[in-house]
Amino acid sequence: DPFSHKLKRFMDIVLGIIGILLTLPLLFPILCIIAVDSGFPLFFKQKRTGFMGRSYTLFKLRTMKIDAEKSGAEWAKEKDHRVSKSGKFLRKWRIDEIPQFWNVIKGEMSIVGPRPERPEFQGELINKVPHWNCRHLVKPGLTGWAQIRFRYASDLESSEEKLAHDLYYIKNASIIMDIQIILSTLRTIAKGSR
């Protein structure tokens with residue numbers, strides 16, 4: 001439905017701008033904490049696979065130690081040893097996601113959608129998880145159905161289960177469902193759970 005797509009995009013822009021404006025006062029002290037705890041760089045950028053399989057650069061506040069991936073790309077885990085002390089706090093309250101509001105405003109992401117995957121894992125996931133590419137029929141999101149209903153996907157098996165949640169969202173997506181996911185995400189953030 002073209003009207004729903006336009007309404008979703010309008011909602012993304014409005015919520016993206018509100019998100020940046022509300023979190024801007026937090027950024028300076030948070031950046032200072034990251035600098036003291038684990039040095040520079042303060043921001044983290046990484047290639048992700050987005051809408052229709054297109055690659056884009058995702059921005060986050062850096063939560064991992066500088067040499068976290070010196071041995072190559074690794075799946076993120078719930079209790080990841082690579083996360084810095086300040087990173088644990090930032091992840092718990094999802095503060096590390098703040099820069100992604102910029103990705104939303106630029107149109108690379110949506111507020112709600114499947115979480116974007118790293119290209120390093122994409123090939124294996126496409127080959128081993130049936131229908132994996134279907135999740136690229138919508139823009140990736142800051143939050144999503146899988147984020148509020150499932151845990152971290154840290155291997156192929158959990159990625160397949162997470163995909164079931166993403167496909168459920170794609171099949172049933174609506175503005176009402178997006179609002180429910182956003183409200184549920186805000187409740188989760190308020191509890192400080194991830």
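## Where α1 meets α7

In this predicted model, Ser4, Leu7, Lys8, Met11 and Leu15 of helix α1 touch Ile175, Asp178 and Ile182 of helix α7. Sorted by class, the residues of this contact are 5 nonpolar, 1 polar and 2 charged.

How are the two helices arranged? Two packed helices are described by the angle between their axes and the distance between the axes. For α1 and α7, the angle is about 25° and the axes are 11 Å apart. Angles under 35 degrees count as roughly parallel, and α1 and α7 are therefore roughly parallel to each other.

## A closer look at α7

Let's stay with α7 for a moment. This helix covers residues 175–191. At 1.5 Å a residue, its 17 residues should span 24 Å, and its end C-alpha atoms are 25 Å apart, so the two values agree.

Which residues of α7 are buried? They are Ile175, Met177, Asp178, Ile181, Ile182, Ser184, Thr185 and Thr188. The buried residues of α7 pack against several elements: helices α1 (2–38), α5 (145–149) and α6, together with strands β3 (110–112) and β4 (141–143). Just after α7 comes Gly192, with a positive phi of about 70°.

## Where α6 meets α7

Helix α6, made of residues 156–172, is another partner of α7. The two pack at an angle of about 140°, with axes 9 Å apart. That angle makes α6 oblique to α7.

On the α6 side, the contact is made by Tyr168, Tyr169 and Asn172, and on the α7 side by Met177, Asp178 and Ile181. By class, this contact has 4 nonpolar, 1 polar and 1 charged residues.

## Where α1 meets α2

Now go back to α1 and look for helix α2, which runs over residues 85–92. Their axes are 8 Å apart and form an angle of about 150°. From α1, the contact uses Ile30, Ile33, Ile34 and Asp37, while α2 brings Lys85, Ser86, Gly87 and Leu90. These residues divide into 4 nonpolar, 2 polar and 2 charged.

## Backbone details in the loops

Several loops hold backbone details you can look up. The loop between α1 and β1 (43–49) contains Pro41. The peptide bond from Phe40 to Pro41 is cis, with omega near 0°.

Met52 sits in the loop between β1 and β2 (55–61). Phi of Met52 is near 60°, a positive value in a residue other than glycine. With a relative accessible area of 49%, Met52 is partly exposed.

His131 belongs to the loop between α4 (119–128) and β4. Phi of His131 is near 70°, again positive in a residue other than glycine. Is His131 buried or exposed? His131 is exposed, with a relative accessible area of 56%.

## Cysteines and disulfides

A disulfide is a covalent bond between the sulfur atoms of two cysteines. How many disulfides does a search of the whole structure find? The search finds 0.

Note on methods. Residues are numbered from 1 along each chain as its sequence is written. This is a predicted model: local features need pLDDT of at least 70, side-chain atom pairs count only at pLDDT 80 or more; totals for chains, interfaces and linings use all residues. Side-chain values use heavy atoms; hydrogens and water are left out. Axes are lines fitted to C-alpha atoms, for helices over the stretch in contact, and angles run from 0 to 180 degrees between N-to-C directions. Helices (H or I, at least four residues) and strands (E, at least two) are DSSP runs, numbered from the N terminus. Angles under 35 degrees count as roughly parallel, over 145 as roughly antiparallel, 65 to 115 as roughly perpendicular and the rest as oblique. Contact means heavy atoms within 4.5 Å. Ala, Val, Leu, Ile, Met, Phe, Trp, Tyr, Cys and Pro count as nonpolar, Asp, Glu, Lys and Arg as charged, and the others, Gly among them, as polar. A disulfide is a pair of cysteine sulfur atoms within 2.5 Å. The expected span of a helix is 1.5 Å times one less than its number of residues. Buried means under 20% relative accessible area, exposed over 50%, partly exposed in between (1.4 Å probe, protein chains only).
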